[in-house]
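Hello,

Here is the structure for you to look through. Please open it first, then read the notes below.

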Amino acid sequence: MQLSFSVPTALREFGLLLRRRYATWWRRQSPARQDRFATLGPLISVMLFLAAIIAAFWYLRNEENEREAEAVKRDTEIAQQQIRLRLIENQEQLVRIARELVTRSIDTQEFIAQTASFTRESPEITQITWVNARRERKASITASSFHPETDPISDKRDPSMPVAGSGAASEIAFTNAKERRQPIYSPPFTDASGTNVFQIHVPLLDRSGFSGTLIAEYSVEALLRYYVPSEVSARHPVAVLDASDQVLTSTVTPMPGQVPRRPSILHEVPLAPAVNGLVLRGQGYRTSIGLISNTLFWMVLSLSGLTVWMLLGTWRHMRRRLQMQNALVSETNFRRAMENSMLTGMRAMDMDARITYVNPAFCAMTGFSENDLIGRRPPFPHWPRDRFEENARLLQQELQGRSPAGGIEVKVMRKDGSLFDARMYVSPLIDPKGAQSGWMTSMTNITEAKRVRDQLSASHERFTTVLEGLDAAVSVLSVQQGELLFANRSYRLWFGADPGGHALLAGSQMGETGGSKGDAGEAVDSLSGLPTQELTEVGSDPREVFIEALGMWFDVRARYLQWTDGRLAQMLIATDITARLRAEAVAAQQAEKAQVTSRLMTMGEMASSVAHELNQPLTAITNYCNGMVSRVKADTIRTEDLLVALEKTAKQAQRAGQIIHRIRAFVKRSEPQRQPSAATQIVEDAVELAGIELRRRNVAIHSYVAQRLPMLMVDPILIEQVVLNLLKNAAEAIDNANLPASRRHIELRVVPRHTPEEGGGIEFSVTDMGPGLPEEVISRLYEAFFSTKADGLGIGLSLCRSIIESHRGRIRAQNLYNGPAVVGCRFSFTIPVDIPRPEPAGAVNISATP
């Protein structure tokens, strides 16, 4: 009794607790959320009701389908049991007959009598045949007559008889019965009369082994007709299918020319006791209408949809009203927040000049609170004491609507008595009805702005002073209008105020922008649509421009910029470089003269060697001539000998002429001219000239030139001069050191080189086995007029460096060491050229010996 009293009490307390918590949660929600929940509640209820109705329809329909499927399954299994029982009974009878045949308890006549009686009791059996081990028919009986042994030829034509190697259904069953020694059901096939049948082969096993089979042939249609119960076939169609899912027979015969409707419920079971590919299929059809076709379902769905539509419309109406309310609140809050966060002071006055509103920025500027300002009439607390009359006059001007559009600058006093500069703008205050209700004044503190403006004015003045003092011409031209926006003193001195000077200096750059001095319209069109930001960030490379009217050269730098009024402009800085270019021209002429002088000095130093070299062919010519004269006088020379002597004399004269021609070509003064040149030819010419000096000093040379080198774009005479100078210096170093014969040789190598710093190039190197150079000499080798020779002028290596650098190459010198000892020196220089990375496979060797 105590327990029954406590349980309802606990439930009531639990319910009260839930209601209190729900009420607390509901009060915590905002009105908007309460409206949303009040609308969503009925909507969710309707959706749940609709879901429940759909689930009920779906459940009832599935329940009916399951009952129909269960009925089909039950009827199919009943038909299977009836057919299987009949097949098993027949199999037992056939096994008994087969046993009597094996034991020879019966002969052929008795076999015929027993099987005839058996077939009359079993209408499904169409034929019983006794076959021996050689597949020969010994006796056979059909449902209508008895046949003794048939002709073997006719047996082969009968599909019911097994034929060795044919692969027919009867042969398969015969073979399996022979191998397994048990009754075997054959796959279905069509007999001679076109009936779908299958067979059972009962093996005949005697003492000697397999002696044949007893074959009983079943009609599939008869099995279905006689052994499927009539109540089953009345409820559901039953069909027999083969292994390929083809219908052999059915309890329902389809109308000819019509495609039967596919059953919605199927149940399949095997037909024979042993697997032979026959399947018994029961079929069923759903009698109930689908969920979509149910009228009641659509009525419920339509009423639910209408209810949902009405609830959604109510919810949208409430949401729109809530949005308007929130927008109004947000707008009010935004305006208040904007007024409170503005840095501009706002003040409102009525028509009697009484202050009705001030924002926090106005109070922060003046230091007065709202209580100090609202309701006050002139003079206002923020007016300076010494400016009452001025401020009163300005106020009357404002009230009369004559305040300037650009505002007025006034002095405003803070609460602590300090002053600041302010700019005030006054406009009428119009109410929603269009009537003026007062005046609105905005005030901005411009103290800092005035200070910055004054500083900018001073900075602009200083900047203008600097530009006016420049020696370079500075000009700014409007791209669209072709108007000269700025020109400094130097520009005005050279070109006056004419914008044509800017166009002359700009040259092709103005053409690139689409305009010229005479066609400003095209410049506007070509730059239309181009982003100003992109143009102003792009500069241009310096250009050298010659102004023929002035006879002056200028170094011009240009870029685009945005002018103070937003227009796109081009600024040019033109520096007078006439004097520098003239000095460079003089220096180039002097360098050319120095090159020719160096070649003459080289030939002068080699004069004795050249004289010795020319003396040999001249002496040979003299000897040949004297010999021929003597033999002609003595009349002891033959014509053939005379011709040989004259040919030798001509060869020696040609040799002397070649030496003189080569020296003249080397020392001939000409303008530097770069042309495609082969490194092999340069080396051959230099070695030929240097060979004279090397033979005089008894120094050997070995030259190595890599094959397949690219052509050099150089002045071949200048490069040959550098190579010859390096070879001559190496020979002098070896000869002056009195080195032994094993060290009196020079190596000249020309190979491709590629480095990450310099890229691809051709390297010329001259290596000697001399005493090398001191470190302090290496650091000063290329200084002008520095020489280690007693009679040297110090311009050889300095000139070589100038020549190589003019070809964008580099020259370097280094000592060769064997441990701490110096064993030689190497001079090398590179000429830039695009070459492949791999080293060449072969080389050209040019060698000379003293």
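**What was found**

Leu 17 is partly exposed, at 33% relative accessible area. Here buried means under 20% relative accessible area, exposed means over 50%, and partly exposed is in between (1.4 Å probe, protein chains only). This is a predicted model: local features need pLDDT of at least 70, side-chain atom pairs count only at pLDDT 80 or more, and totals for chains, interfaces and linings use all residues. Residues are numbered from 1 along each chain as its sequence is written, and side-chain values use heavy atoms, with hydrogens and water left out.

Leu 17 sits in helix α1, residues 2–28. Helices (H or I, at least four residues) and strands (E, at least two) are DSSP runs, numbered from the N terminus.

Now the salt bridges. Each is a side-chain nitrogen of Lys or Arg within 4 Å of a carboxyl oxygen of Asp or Glu. By this rule there are 24 salt bridges.

Arg 281 pairs with Asp 245 at 2.9 Å, N to O. The two are 36 residues apart: Arg 281 is in strand β11 (residues 279–284), and Asp 245 is in the loop between β8 (238–241) and β9 (247–250). Arg 281 is buried, at 13%. Asp 245 is partly exposed, at 47%.

Arg 281 also forms a salt bridge with Glu 268, at 2.6 Å, N to O. Glu 268 lies in strand β10 (residues 265–270) and Arg 281 in strand β11, so this pair ties together parts 13 residues apart in sequence. Glu 268 is partly exposed, at 41%.

Best wishes
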